[in-house]
Amino acid sequence: MTIPTEAPTEAPPESPAETPDSPPDNARGGVGESPQRPDATLKVTGEFAYGSDLWMDDMLWGVTLRSPHPYARIRNIDIGEALATAGVFAVLTHEDVPGNKTFGLEIADQPVLAIDTVRYQGEPVALVAADHPEIARQAAKKIKVDYDVLEPVTDARTALGHSTPDLHGELAEEVTELSREAAHLHPQGNLVRHLKVRVGDPTPSADVVVVGEYHVGMQDQAFLGPEAGLAVPDDVGGVDLYIATQWLHVDQRQICAALNLRPDQVRLSLAGVGGAFGGREDLSMHVHGCLLALHTRKPIKMVYNREESFFGHVHRHPATMRYEHGADRDGTLVYVKAEIYLDGGAYASSTPAVVGNAGTMGLGPYVVPHIHVDCYGVYTNNPPCGAMRGFGSVQAAFAYEAQMDKLAASLGMDPVELRIVNAMAEGSLAPTGQIIDSAAPVVELLERLRAMPLPPALDSSDLRHLPGGVSNTTHGEGVRRGVGYAVAYKNVAFSEGYDDYSTARVRLEVVGGAPQATVHTAAAEVGQGLVTVEQQICRTELGVDTVVVQPKDTQVGSGGSTSASRQTYVTGGAVQAACHKVRERLLALTQDYLHETLHDLRLEGGMVVSDTRGAVASIADVLGAKALEETLEWRHRKTEPIDPEKGQGFAHVQYAFAAHRAVVDVDVELGLVKVVELACTQDVGKAINPDAVVGQIQGGSTQGMGLALMEEIQISEGKIRNPSFTDYLIPTILDTPPMPIEVLEYADPHAPYGLRGVGEAPTISSGPAVMAAIRDACGLELTRVPVRPEHIIDSGDGRGSRGEPKRRQP
């Protein structure tokens with residue numbers, strides 16, 4: 001189906017528009033529709049309560065003292081003056097952590113509070129609780145920390161002792177020992193994970209070979225709502241934590257370990273989340289707030305300001321990548337060699353999984369017979385990096401799509417045709433050796449994208465349409481137009497043998513004379529619209545109009561992480577399965593109510609309906625005073641760990657595919673870029689909520705475009721130079737172009753409703769398409785993102801500012 005950029009507003013389920021083509025009553029506001037979100041009005045009117053709005057009488061304010069150094073030994077911490085400050089109730093250090101002193105998503109290597117070493121600028125060292133936030137901040141400044149400052153390790157290759165290879169030489173041989181010159185930041189060394197993929201001939205040859213080295217900067221999730229939480233102690237040594245997060249139960253597990261408490265003593269509830277994109281998957285102030293609350297016996301509120309937020313969560317891994325592509329004269333790929341370095345910063349976070357994605361999907365959605373990939377996740381003294389939308393696939397896509405364009409130029413082929421020649425399809429083998437066992441419409445995505453009309457030709461008569469024209473910096477003399485394409489893919493849900501599941505509790509009862517469903521999951525709503533999807537599934541499966549979504553908390557089983565494009569798939573699957581159990585019981589009650597057996601019953605519009613006899617009873621009459629409730633865990637099909645030597649195995653449960661075409665105007669004299677249009681085609685399997693699908697594609701496309709053009713945390717010797725939205729730039733509405741979107745719906749037979757995860761795939765292909773268009777406009781290779789004006793500027797001698805040969809394209 002084709003979805004316009006401005007999607008029409010659907011009538012809400014309580015007041016549907018009556019048309020001859022209206023769906024059946026049981027589908028109104030159900031799967032495939034776009035009902036109004038239950039939180040929509042509150043959010044657009046400013047009445048929605050976010051984590052930073054939490055409040056309790058008699059609460060105290062918690063503040064974190066952070067290290068100013070990227071790497072240093074701690075000789076001594078003196079809290080005396082801070083503790084003596086009027087209004088201060090507590091000052092805590094690592095000595096006050098009663099349980100495990102380290103935590104982590106996959107590897108427990110990060111201290112709750114620094115013990116004897118700080119490994120990145122901004123690492124938490126001490127905590128203060130006071131009756132006013134300013135008193136707490138001033139008291140924190142009085143804590144005296146004696147540091148022995150050390151030389152930070154800030155380059156991933158250097159951290160592993162790997163030399164920088166000659167661009168035209170062979171890939172570096174596998175390194176088994178760390179360089180003696182690089183400090184070991186952790187006892188086990190500086191290597192987090194090394195993933196190898198080996199397929200086919202280890203020494204292949206090809207008619208045409210292209211080599212490139214590429215760099216991706218550190219991107220921030222840039223969510224608008226800063227980290228915030230409220231910890232409330234109970235009377236028996238436990239604590240309730242209201243927190244903006246992505247993964248309640250994994251948070252709970254880590255907090256319990258640090259506090260040395262049982263899960264029933266640490267109860268988490270989801271506070272209003274102002275965006276996440278991976279940045280809330282790790283702990284921030286979770287343990288800190290609970291420690292202060294238990295120590296003071298008072299509620300503790302903690303809210304980061306924007307600057308502290310940059311230090312308080314993980315970011316996207318910067319990457320250095322070297323690729324070598326070999327192909328036959330007709331464009332058929334023969335081999336790809338890749339060496340990928342992901343800078344994980346000071347602690348592991350989700351680096352092992354990010355390495356898994358970058359390594360196993362680092363060649364793009366193409367069939368490659370001979371593969372040699374090495375992907376490294378590395379400890380450095382840079383800020384910790386972990387989950388962010390696209391999760392390893394984003395970085396690799398910038399490299400492999402640039403390589404495809406470079407190969408097309410060497411072959412004299414159209415870049416889209418080269419992609420089509422090598423495209424994956426259903427039945428193809430992924431680099432891990434697993435068969436793509438559902439639709440992989442890469443060719444159709446590219447062909448549909450190419451067939452979309454291009455925007456009108458460049459018009460320099462209205463300066464507002466030119467890059468920088470609003471400031472009257474150009475009259476179009478140096479403006480060139482470029483068009484670029486990219487296609488990418490991404491795994492959905494957790495991989496490599498992880499026990500990935502979600503839990504749903506569904507209750508059906510009569511309230512006020514009408515049937516009502518209540519759904520309870522711990523799956524975090526972070527703005528993506530999961531609460532709407534849960535309602536839609538209940539309406540479709542149970543035939544009711546009213547669906548109440550319970551607050552998200554740990555009083556029900558785990559919903560897993562709101563990441564990896566997995567919640568509609570996995571939690572949606574759990575809700576559907578729980579509804580099926582409730583429906584089975586209701587239909588059994590119906591047989592007793594009717595005193596006869598009917599085999600063709602379904603639920604629709606609040607009624608039990610027979611295919612042959614029509615409505616036979618109302619759900620309310622069948623239920624009476626009874627309530628039916630089912631709690632169920634649901635798992636997708638199993639994946640498996642990959643072979644450590646060859647990288648082979650059924651690693652991923654599902655793939656999502658997307659393609660983009662970018663049209664840009666580039667002022668080659670000023671280095672300014674205006675994205676004129678960013679078109680997208682994507683297969684979503686089944687659009688559970690078409691309007692939400694559009695929103696996800698638009699948002700993901702914008703985030704990928706932002707990384708290509710402007711978004712980068714600037715790091716110098718391990719220190720962040722731009723921790724603010726003044727200096728860390730993100731696209732505004734003025735930067736965001738029209739986005740024509742075509743959505744394909746090829747059902748995945750292994751997934752609920754045939755759906756595919758939507759949110760990440762457009763983030764992966766949008767940025768490379770923008771970069772391809774810029775290269776097309778200015779003729780430079782441009783191997784680093786985000787691209788900067790000085791990379792583009794035409795010096796007038798046919799070379800860019802770095803002396804790169806300028807290759808004009810027609």
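## Domain organisation

The domain assignment, automatic or taken from a database, divides the protein into domain 1 (51-151 + 221-312), domain 2 (319-495 + 641-792) and domain 3 (501-635). The model is predicted: local features need pLDDT of at least 70 and side-chain atom pairs pLDDT 80 or more, whereas totals for chains, interfaces and linings use all residues. Residues are numbered from 1 along each chain as its sequence is written, and side-chain values use heavy atoms, without hydrogens and water.

## Interface of domain 1 and domain 3

The centres of domain 1 and domain 3, taken over C-alpha atoms, lie 39 Å apart. Domain 1 contributes 15 residues to the contact and domain 3 contributes 16 residues, contact meaning heavy atoms within 4.5 Å.

Between them the two domains bury about 1,100 Å², with 55% of it on carbon and sulfur atoms; buried area is the accessible area (1.4 Å probe) lost by two parts on being put together, summed over both. Of the area that domain 1 buries against domain 3, Gln246, His249 and Leu270 supply 45%, more than any other three residues. Zero salt bridges are found across this interface (side-chain nitrogen of Lys or Arg within 4 Å of a carboxyl oxygen of Asp or Glu).

## Packing of H9 against H16

Helices are DSSP runs (H or I, at least four residues), numbered from the N terminus. Helix H9 (residues 393-411) packs on helix H16 (residues 761-778) at an angle of about 35°, with the axes 9 Å apart; axes are lines fitted to C-alpha atoms over the stretch in contact, and angles run from 0 to 180 degrees between N-to-C directions.

The contact includes Phe398 and Tyr400 of H9 and Met771 and Arg775 of H16. Its residues comprise nine nonpolar, three polar and three charged, where Ala, Val, Leu, Ile, Met, Phe, Trp, Tyr, Cys and Pro count as nonpolar, Asp, Glu, Lys and Arg as charged, and the others, Gly among them, as polar.

Technical notes: Helices (H or I, at least four residues) and strands (E, at least two) are DSSP runs, numbered from the N terminus.
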